[in-house]
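Welcome! Take a moment to look at the model shown here, and then we will walk through it together.

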Amino acid sequence: MSANHARRHRSGHAEVAYLGERPSRRLTRLLEIRDCLAARATEYAAHDIADSDELLRCVADVQALIKAEAPAVHAQRWATWARHDVELAHTAHERHPACGLCAAAGRTIEVAA
Ligand SMILES: [Zn+2]
């Protein structure tokens, strides 16, 4: 992180204060990105799409950022993330109501019929 984006907290502690974006907004965005990437990774894995491993690495990277910047939030959400990711897991031969790829396949079938 460059000096243009961070500075030491006024108290002298090593906490980073973001100049361009408040931490709560940044954290909110990181959480949104994590959830979006995790959903896509699970969907890609369910439908055997090759990029699912890369998406899972991105999810791990974002989660590591969240853990570094907000360890209490990470600890609070970790179990929920795992449970939600498992709930979305399915195979390419099953329809999952929350899967965007299953929904897209259903729309394609409806259009073709
Ligand atoms: Zn699906």
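Which residues make up the largest nonpolar core? The members are Ala-38, Ala-41, Ala-45, Ala-46, Leu-55, Val-59 and Cys-99, seven residues in all. Helix 1 gives the most to this core, with four residues, and helix 1 and helix 2 each supply at least two. A nonpolar core here is a set of buried Ala, Val, Leu, Ile, Met, Phe, Trp, Tyr and Cys residues joined through C-beta atoms within 7 Å. A residue is buried if 20 or more other C-beta atoms lie within 10 Å of its own, exposed if 12 or fewer, and partly exposed in between, with C-beta atoms placed from the backbone. In soluble globular proteins, nonpolar side chains tend to be buried together.

Before going further, please keep in mind that this is a predicted model, in which local features need pLDDT of at least 70, side-chain atom pairs count only at pLDDT 80 or more, and totals for chains, interfaces and linings use all residues. Residues are numbered from 1 along each chain as its sequence is written. The pLDDT is the predictor's confidence in each residue, from 0 to 100. Its mean over the protein is 82, and 73% of the residues reach 70 or more. Over residues 1-18, however, the pLDDT is below 50, and beyond near neighbours in sequence this stretch has 13 contacts in the model. Where pLDDT is low, the predicted coordinates should not be read in detail.

Now for the overall plan. The protein has four helices and two strands, which run β-β-α-α-α-α from the N terminus on. Helices (H or I, at least four residues) and strands (E, at least two) are DSSP runs, numbered from the N terminus. Of the 113 residues, 10% count as buried.

How do two neighbouring helices meet? The axes of helix 2 (residues 52-69) and helix 3 (residues 71-88) come within 5 Å and cross at roughly 130°. Helix 2 and helix 3 are therefore oblique to each other. Axes are lines fitted to C-alpha atoms, for helices over the stretch in contact, and angles run from 0 to 180 degrees between N-to-C directions. Angles under 35 degrees count as roughly parallel, over 145 as roughly antiparallel, 65 to 115 as roughly perpendicular and the rest as oblique. On the helix 2 side, Gln-63, Ile-66 and Lys-67 meet Pro-71, Val-73 and His-74 of helix 3. Two residues are in contact if their C-beta atoms, placed from the backbone, lie within 7 Å.

Let us look at some single residues. Ala-46 touches Ala-89, His-90, Thr-91, Ala-92 and Cys-99, not counting residues up to four places away in sequence. Asp-48 lies in the loop between helix 1 (23-46) and helix 2, and has a positive phi of about 55° although it is not a glycine. Most residues other than glycine have a negative phi. Ala-105, for its part, is placed in helix 4 (residues 100-112).

Here is how three of these residues are surrounded:

| Residue | Class | Other C-beta atoms within 10 Å |
|---|---|---|
| Asp-48 | exposed | 9 C-beta atoms |
| Tyr-44 | partly exposed | 18 C-beta atoms |
| Ala-105 | partly exposed | 14 C-beta atoms |
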